[in-house]
Amino acid sequence: MNNPNIAIPVRAPAQTGVDDTILPFEINALDLRGRIVRLGPAVDVILSSHDYPLPVAKLLGEAIVLTVMLGSALKFDGRFILQTQSDGPLRMLVVDFTSPGTVRACARFDAERIASAIALGEAEPGRLLGQGHLAMTIDQGPDMSRYQGLVPLEGKGLEHAAHEYFSRSEQIPTRVRLAVAEEFRGGENGGRRRWRAGGILLQFLPKAADRARQADLNPGDAPPGTEPHLYPEDEAWVEGRSLVATVDDIELIDPDLSSERLAYRLFHDRGVRVFRSAPVQAQCSCSRRNVESMLRSFPPEDRNDMVEDGKITVTCEFCSSTYMFEPHEIDAPDAALS
Ligand SMILES: [Zn+2]
């Protein structure tokens, strides 16, 4: 990397921001790597297709940014699924990222408890989620084993859970910032609100692994009075995480601030290199064909229970697409198999 014979072109950061992109970057002088995610239409399509209460939509938006940030780092074709399961009013968030860059997402919640949390001013992310866990699953296809990482949700938000995951399971010093907001655009018919979201991930990956060590977790079984091991944090990491801590939400979602300019603004003193950005789009993987085979897999009596007004109607929880079938279409032999 430091071979002086290889000229690295130096140019000014792009002025124009491009929505729905993932921008990887590195700061060699500090052994830092990261990515900036900026979502416009992709997050708007997903959140607008549901009629979720505002704090639910916002939290799902954060989960989408986090999933895109982590899923796009996979070095192989596959799916990355982020799922929360917890006892708060927001019972479940599911975000599903398929390489190289499609995402879908949905939430399950208790509408009454959400409404009363909003009324009581208790709708911040940690309280909506409550206690439970966050699971991250990597699925490389039917013949491959699935990998799952779990981290407890302890009444705190998704950023906290991500830090815990990387510190406990991966032992990589990591900082994540996530932001979601609605932007109002005027225009004909009074204009409309559009969702925007963004985030930054920064990781400390020194060549000498012991530079990344962090203070031990409190050993629960140690005799009372035992001093915990405290390692001083590496100065390069302290500098990196302090810089990320200065990022405002608006910088992550501002359509007039490009991801490159944000990276430059934060790290230009140390020299930041950006890589080619990758696109991401909202896309569901449901289809009439898949819904039909799911219905065929149910016992006939269960299918009969689903008939309303002479039809079976199935709505995709992810994208709200509706599929309608006449019962005889499902009962008849599968045309595609005969
Ligand atoms: Zn769908």
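## Close-up views of a predicted model

View 1. Ser259 is buried, at a relative accessible area of 7% (buried is under 20%, exposed over 50% and partly exposed in between, using a 1.4 Å probe and protein chains only). This is a predicted model, in which local features need pLDDT of at least 70 and side-chain atom pairs count only at pLDDT 80 or more, while totals for chains, interfaces and linings use all residues. Residues are numbered from 1 along each chain as its sequence is written, and side-chain values use heavy atoms, with hydrogens and water left out. Ser259 sits in helix α8 (residues 259-267) (helices are DSSP runs of H or I with at least four residues, strands are runs of E with at least two, and both are numbered from the N terminus). Leaving aside residues up to four places away in sequence, Ser259 touches Leu23, Ile36 and Arg38 (a contact means heavy atoms within 4.5 Å).

View 2. For reference, the ideal angle for four tetrahedral donors is 109.5 degrees. Cys284 is partly exposed at 22% relative accessible area, whereas Cys316 counts as buried at 12%.

**View 3. The sheet of β13, β14 and β15.** These 3 strands make an open, antiparallel sheet in the order β13-β14-β15 (two strands pair if DSSP finds at least two bridges between them). Its edge strands, β13 (307-308) and β15, each pair on one side only. Between β13 and β14 there are 2 bridges, and Val307 has Ile312 in β14 as its bridge partner. Helix α9 lies across β14 and β15, at about 55 degrees to β15 (axes are lines fitted to C-alpha atoms, for helices over the stretch in contact, and angles run from 0 to 180 degrees between N-to-C directions).

**View 4. The sheet of six strands.** An open sheet with mixed pairing has 6 strands in the order β7-β6-β3-β4-β5-β12. At its edges, β7 (147-154) and β12 each pair on one side only. Helix α5 (residues 158-170) packs on this sheet and touches β3, β6 and β7, its direction making about 130 degrees with that of β7. Strand β5 (residues 102-109) runs parallel to β12, joined by 2 bridges, and Thr102 stands opposite Gln281 in β12.

**View 5. Strand β3 and its two neighbours.** Strand β3 (residues 79-86) pairs with β4 (residues 90-98) in the antiparallel sense over 7 bridges, and a hairpin of 3 residues joins β3 to β4. Leu82 has Val95 as its bridge partner in β4. Strand β6 (residues 131-139) is also antiparallel to β3, with 8 bridges, and Ser86 stands opposite Gly132 in β6.
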